[in-house]
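Welcome! Please take a look at the structure below, and then we will walk through it together.

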Amino acid sequence: MTTMANNSEKKRVLVSGGAGYIGSHVTVELIEAGYDVVVADNMSNCDMTCFEGVKKITGRDDIPFVKIDCCDADSVNKLFSDYRIDAVIHFAAFKAVGESVAEPIKYYRNNLDSFLNILEASKTHGGCNVLFSSSATVYGEAEKLPVTEESPRLPATSPYGNTKQICEDILRDVVSATASLSGSEGPVKGIALRYFNPIGAHPSALIGELPRGVPNNLVPFITQTAIGKRECLSIFGNDYPTEDGTCLRDYIDIVDLAKAHVAAVSRMLDGKMKKDYEIFNIGTGRPVSVYELVTKFEKVNGLKLNYKFAPRRPGDVVAIWADTALANEELGWKAERSVEDTLASAWAWEKHLAEK
Ligand code: UFG
């Protein structure tokens, strides 16, 4: 699947937002696949816990870390001048759906500006390969399940979701506009990965999800309830038209997700893309209900969780899961870890945090 880069011609990948949850797992997998990595982060939504964990897991104390805000064009340009960058994986973005509804200007400014700066630097520094972290949120409440990459994108229900759609479109347009550039400016090639619901932690329990404040997402809320940080998990809605009445999602293990990034970056760097802009769904292809996930968590970790059924959460879609055939065939990638192992890893990470 992944090309092991030979030492003398190691390719370098810039991971923007690389100190965060997904970025840290991706950094580990890139290094283990033989890539050089530069991590850039403004630390607005994380601390150094995960970056320190990455260093421990990889045994590498020398991973370049640059503290910059990608909204600052000069800093991004300087980064591209200081390092030869062969590919960028862009994570640096705000991600809280509810906050984006309350503060749309903050979300549009941050998520669009940072990406535009990355794209501009990619173009003006001789061209680059850019991988954008998109989301299944672009499909909204899909009419046909599972969703393929051809399924229609529906109007976003939050500014956060809208930034994902807009950034996909920006990437597509920049790829098309730069295709014939040569000389000091060069073509940008792009891949958008549409993630379903990333959960879990690295098997070492040295890196994982570290939400600030009350978690919005299900699994960190579950683990924080299990450890006693939260009193009770609310399951939002048990009257949906599903078998047990709770919502269905496609929960993708974080290490599997990280490996999909390595596969996508290798595809770009090895010249295997079929089009200059490609999109892939990154999920398991298996729907799991919220209630099922909670009971699996209890079973695999041998504990009882304090939960209650609560009213539906506004904005939630009933069901979404991926058709993963394209990613399986084209990226040579498949989700491998069982949901049980993933839930055990999430619990191990929460316990690791409690011991710190
Ligand atoms: N849920 C609960 N209780 C909680 C938290 C979540 O029952 O305390 C339920 C939700 O209602 C939903 C499911 O668990 O049915 C999953 O919720 P998450 O918040 O974990 O994930 P979402 O499916 O809402 O989020 C996904 C992506 C986000 C993206 C969002 C857009 O993970 O990145 O879709 O709607 F922003």
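In this predicted model, the ligand is surrounded by 18 residues. The closest of them are Y160, L218, S234, R249 and D316. Sorted by class, the shell around the ligand is made up of 10 nonpolar, five polar and three charged residues.

| Residue | Atom of the residue | Atom of the ligand | Distance |
|---|---|---|---|
| Y160 | polar side-chain atom | oxygen | 3.5 Å |
| S234 | backbone N or O atom | nitrogen | 2.7 Å |
| R249 | side-chain N or O atom | oxygen | 2.6 Å |

On its own, the ligand has 680 Å² of accessible area, and the protein covers 86% of it.

Strand β8 gives the most, with four residues.

Let us step back to the whole chain. The protein chain is divided into two parts: domain 1 (12-200 + 252-282) and domain 2 (218-249 + 285-355). Each of these domains is written as two stretches of the chain.

In domain 1, 30 residues are in contact with 24 residues of domain 2. About 2300 Å² of area is buried between the two domains, and carbon and sulfur atoms give 67% of that area. Most residues other than glycine have a negative phi, and most peptide bonds are trans. M43 has a positive phi, near 60°, and is a residue other than glycine. You can find M43 in the loop between β2 (36-41) and α2 (49-58). The peptide bond from L145 to P146 is cis, with omega near -5°. P146 belongs to the loop between β5 (128-135) and α6 (159-178).

Finally, have a look at F94, in the loop between β4 (87-90) and α4 (97-102). Which residues does F94 touch, leaving aside those up to four places away in sequence? They are S44, K106, Y107, N110, N111 and Y160. Y160 brings us back to the ligand, as Y160 is one of the closest residues around it. From C-alpha to C-alpha, F94 and Q224 are 22 Å apart in space, and they are 130 residues apart in sequence.

Note on methods:
Residues numbered from 1 in each chain as written. Predicted model: local features only at pLDDT ≥ 70, side-chain atom pairs only at ≥ 80, totals over all residues. Heavy atoms only, no water. Near = heavy atom within 4 Å. Polar contact = N/O pair within 3.5 Å; in protein donor to acceptor, adjacent residues only side chain to side chain. Areas by Shrake-Rupley, 256 points an atom, 1.4 Å probe, with all protein chains shown as cover. Helix = DSSP H or I, 4+ residues; strand = E, 2+ residues; numbered from the N terminus. Nonpolar A, V, L, I, M, F, W, Y, C, P; charged D, E, K, R; others polar. Domains from an automatic or database assignment. Contact = heavy atoms within 4.5 Å. Buried area = accessible area lost by both parts, 1.4 Å probe.
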